[in-house]
Amino acid sequence: MNPGKAGLVFHEPLLFELGGQNKRGVELPEMDLPIISDEELLGGNLRQSPNLPELSEPEVVRHFTRLSQWNYSLDGGFYPLGSCTMKYNPKMAEVAANLDGFAQAHPYAPHGSNQGLKRLLFELQNDLAEISGMDTVCLHPAAGSHGELLGLMLIRAYHNHRGDSARTQILIPDSAHGTNPSSASICHLDAITLPSGPDGLIDLNTLDQMMNEKIAGIMITNPNTCGLFEERIKEVCDLVHARGGLVYLDGANMNAMVGVTRPGDFGADVLHFNTHKTFATPHGGGGPGAGPVGVKAILEPFLPKPVLVERNGKVEWNNDRPRSIGKVRSFYGNVGVLIRAWTYIRSLGPKGLRQMTLNAVTNANYLKALLEDHFEVPFKQHRAMHEVLLTDKRQKENHVSTLDLAKGLIEAGYHPPTIYFPLVVEGAMLIEPTETESKETLDQFAQTLIELGKKGHDELAALPKTAAVGRVDEVLANRKPILRWEA
Amino acid sequence: MRRGLDQLRYFPNDSRSNQEMLDKIGVSQASDLFSAIPESLRLQGGLKIVEPKSEYALLKELKAKAADYPADLPSFLGAGAYRRFIPSAISALVSRAEFLTAYTPYQPEVSQGTLQAMFEFQSLLCELTGMEVANASMYEAGSAAAEAVMMAKRVNPKPNKVLLSAGLHPEYAETIKTYLSFGDYQIVTIPLLSSGQTDLELLEKELDQNALCSVLQVVNFYGVIEDQAAHGALLAKSKALNIAVLPEMTSLGLIQTPGQHGADIFVGEGQSLGLPLSYGGPYLGVFGCKKEYMRKMPGRLSGLSEDSRGNRAFCLTLSTREQHIRREKATSNICSNQALCALWVTIYLSLLGKEGLKDLARINMSKTRYALEQIRSQTKLKPRYTGRVYNEFCLELPCNATLWIDKLLHEGLMAGVDLARFGQTEGGILISVTELNSKAEIDLLVSKLGEL
């Protein structure tokens, strides 16, 4: 028995500490054939029993219900993580993905047995191509960074096919997400850092100097991670193309562009979407996401197998792809997540999606207007897009850091924004409110942050006081890693 | 009737609030906020996608699309995606918004639920596989297997020959080949014996100075249980890393663990631990390794620590391996993983418990044994391989398997997976029997096979 400590604050042990023997929380389907002895099934070579906990169904349900109550969640409160687009996840999308004919569909079911789901995926592919201005879309990648990796593989395959295989480097602006250089490494491309100009944007002269015959292309996040639209994006893409490179667009920030501008129109050759950002699929505490990749026609032949095609009014998988790079995963993609994205797009339609973008950018600029007199705003001369970047420069004079403010926000009942990213400014706080927050929420949040900024370091350093745990010793966890339960 | 754009149900601000915000910002309309986008790059004429539908109409369309799939037919489909009874408690728990709508637990004070569940997942998977360390998930087994080979290269940078058993799932093998095609690797496929087990004599000949790793699917694509002990003994004499792969993880209720037989890295497909089929995803890449290699492994880890009050608390740890810290020097580019699927499997294993898992494995094996015995006694067909199987086997049909499977679909049975999908000759079929197949269903399948 583990009674609540006080009200809703629980002490909840690990599964393994809950004890019990000869219990189980599941009834297996009736066995209508004789059970064969383990000895006969395996001829010896039996394993020792795995040490799994033995619990009844109500014990399991209470355990995980209690754990869930230690989590901050988007349904429970404002979650303004910059570059993560924590927008409301419509409930109907959950119903859609859990329909029997989708959730129970086997990936190798006979070809004629699931036209409806293949049709849905084909429609999603076409919608995403239209939204991004690309020629076609591949739904296979399991997440954004998986999409980045696929996109870079396609760029390499393109150059190799043309006999231009010396292009083994890729330009990546210093403000990029860590996944960009890391995806490049996995694909055996050397990541070359492109320094931002003084205005926080890509500098055309610097780019001009760095483009050469070893550069396979450039990875651009637009709007960039400072929340700024690359105003010279067309010139950047034209310059890269003129020197034989290709342009990869990191679609993490598509929420600022849908229905307003299209990467395919300003020069992107390949991009990825994060459905769990732009198209409101739930983040699930870290995943699963989905990272569809859009390409221009020049990269289409290299896409992973199989691709969806429409023949005689039927949607089918085509494996006859001689120039395909192969596969980046088993099966076809995170279909359960893609169904949610289709549902979201179809519930908003063309005008609703554009309104989504307008509202997201309005909310971010409103927060900026509320906060700019109280916090340092880098690159202030530029209009913010869907997120606003602040730093702790002014509060630092009072020894109050971004981390202090973040922990103060937790105490006040908010999830903190993205902190210490992007790396191009010191003490960054990247705040993305999204379109699904009300003006009242933004007013309250801004007021809270302004008040926290006026407090002293000592007061903030003791926070959070009322969260499930106090500040966690991450140094200890790294120095003496304990990564599993042991009796 | 559809309402105005400012009243769409996902957007809380009405036109008055929006106008108040625009006034504060100092612009007259929202489109003025996009002044940084050159006029020539702005989309003219709107997106050409279909007009929206109400929730009611959209659900109707979705149900009609879903109804194309015969979810209630008896099915013997497997080949890396397994039909499983899923207890109702799981979806009730994973649907809780506190799990479903939380982000990656970078702020431990408000993420202890996800972090403790991750730690429990890591612990359960270590118990199940016999590995010393397991991460908090990869995308699925194919790409995780590719990352395992790349991890082997970090452990052992010089050699470049990758030995792949022909019993590896063909889509995993193709994924590995695709990932490695951009680097300097040599891939050698080790064929199977007539038993269906990997030819370990041939493998031994390939285990020279240049051998980087051997990738063995422990219960292989054809359902055959490999000789892990012999494979482990061979690899113990070599510098090459022992990489064990396993798509049907319920088999670990009975068969010996990869950890016990010296696996350096383990990759599993967690779908078989109670996740819905969902047409191939989202699934769950399980990834474990020996402790000595943990700083070279990909993926997130939850670690045990303490908080400022001296109480037990969890946080993400060994993050200096990861992309957001180490950038181009990270051990992987993975960021979003399959956290909710890992939670799903954590709950599934908690409900099953030690004896439940063993029973499940016994039921799968016993039913499969019955199906094979019936096929031997009632039909002219023979399994392609003679080795001991878990819950799946391969038959050679005297006809085109794809056409036969299509015919049986119309007769109300999903009979198996045609191996022509994987570029093999036309008669091969994989049949998987799980706890969901009744005796009557197996007898029906056998009677259909008896007609051939």
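Two residues are taken to be in contact here if their C-beta atoms, placed from the backbone, lie within 7 Å. With that in mind, and remembering that this is a predicted model, begin by selecting chains A and B together and colouring the residues where they meet: the contact takes 174 residues from chain A and 169 residues from chain B. On the side of chain B that touches chain A, the residues divide by class into 86 nonpolar, 47 polar and 36 charged.

Next, select residues 339-378 of chain B, which form helix 11 and which supply 24 residues, the largest share of the side of chain B that touches chain A.

Within helix 11 of chain B, pick out B:Y348. This residue counts as buried because it has 25 C-beta neighbours inside 10 Å, where 20 or more are required. Leaving aside residues up to four places away in sequence, show what B:Y348 touches, namely B:I90, B:L273 and B:G274. Of the pair B:Y348 and B:I90, note that 258 residues separate them in sequence, while their C-alpha atoms are 6.8 Å apart in space.

Finally, colour chain B by its domain assignment, which gives domain 1 as 88-348 and domain 2 as 356-450. Taken over C-alpha atoms, the centres of domain 1 of chain B and domain 2 of chain B are separated by 28 Å. The contact between these domains takes 15 residues from domain 1 of chain B and 19 residues from domain 2 of chain B. If you select the side of domain 1 of chain B that touches domain 2 of chain B, you will find six nonpolar residues, eight polar residues and one charged residue.

Notes
Residues are numbered from 1 along each chain as its sequence is written. Chains are lettered from A and ligands numbered from 1 in the order in which they are written. This is a predicted model: local features need pLDDT of at least 70, side-chain atom pairs count only at pLDDT 80 or more; totals for chains, interfaces and linings use all residues. Helices (H or I, at least four residues) and strands (E, at least two) are DSSP runs, numbered from the N terminus. Ala, Val, Leu, Ile, Met, Phe, Trp, Tyr, Cys and Pro count as nonpolar, Asp, Glu, Lys and Arg as charged, and the others, Gly among them, as polar. A residue is buried if 20 or more other C-beta atoms lie within 10 Å of its own, exposed if 12 or fewer, and partly exposed in between; C-beta atoms are placed from the backbone. Domain bounds come from an automatic or database domain assignment.
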